[in-house]
Amino acid sequence: MWWFIPAFAWMFMIFYLSAQPTLPGSSAVAVDFFTKKLAHIGVYGALMFWMIFGFTSGFRRKSSNKQLVLALILTIAYACFDELHQSTVIGRTGTLRDVGYDALGAGICYLVFKRVI
């Protein structure tokens with residue numbers, strides 16, 4: 001269970017940021033969109049990394065396909081929960097599109113651990 005502390009801490013950070021009514025951004029709409037979507041990909045790629053870290057006891061053992069798939073499912077489930085939570089915050093919206101960017105980040109991490117990319 002101790003190996004999941006980084007994942008839980010990362011989830012708390014995501015929850016905290018989602019609870020903010022506004023986040024800093026660029027005045028240029030395209031730049032703001034691009035950086036925020038890249039942030040979604042990076043943050044959820046990192047959450048996937050920490051989930052795998054927990055399932056493999058700090059990388060002391062090789063990750064199995066079952067562990068990778070479970071980490072992917074849990075990461076995407078948390079992305080859904082986070083977007084739902086964000087939709088309850090005044091000034092914020094939760095979108096399925098953002099869940100897609102989150103899943104993309106988790107999927108990239110999955111492929112790295114599968115040694116596909």
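User: Leaving aside its neighbours within four places in sequence, which residues is D98 in contact with?

Analyst: Contact means heavy atoms within 4.5 Å. Here D98 touches K37, H40 and E83, once neighbours within four places in sequence are left aside. This is a predicted model, where local features need pLDDT of at least 70, side-chain atom pairs count only at pLDDT 80 or more, and totals for chains, interfaces and linings use all residues. Residues are numbered from 1 along each chain as its sequence is written, and side-chain values use heavy atoms, with hydrogens and water left out.

User: Is D98 buried or exposed?

Analyst: Buried means under 20% relative accessible area, exposed over 50%, and partly exposed in between (1.4 Å probe, protein chains only). D98 has a relative accessible area of 6%, so the residue is buried.

User: Which residues have the most contacts inside the largest nonpolar core?

Analyst: In soluble globular proteins, nonpolar side chains tend to be buried together. A nonpolar core is a set of buried Ala, Val, Leu, Ile, Met, Phe, Trp, Tyr and Cys residues joined through side-chain atoms within 4.5 Å. The largest one here has 20 residues, and Y44, L47, M48, M51, I52, A71 and Y78 have the most contacts inside it. Helix 2 gives the most to this core, with six residues; helices are DSSP runs (H or I, at least four residues), numbered from the N terminus.

User: What is Y44 in contact with, leaving aside its neighbours within four places in sequence?

Analyst: Its partners are I14, T75, Y78, A79, D82, D102, G105 and A106.

Technical notes: Helices (H or I, at least four residues) and strands (E, at least two) are DSSP runs, numbered from the N terminus.
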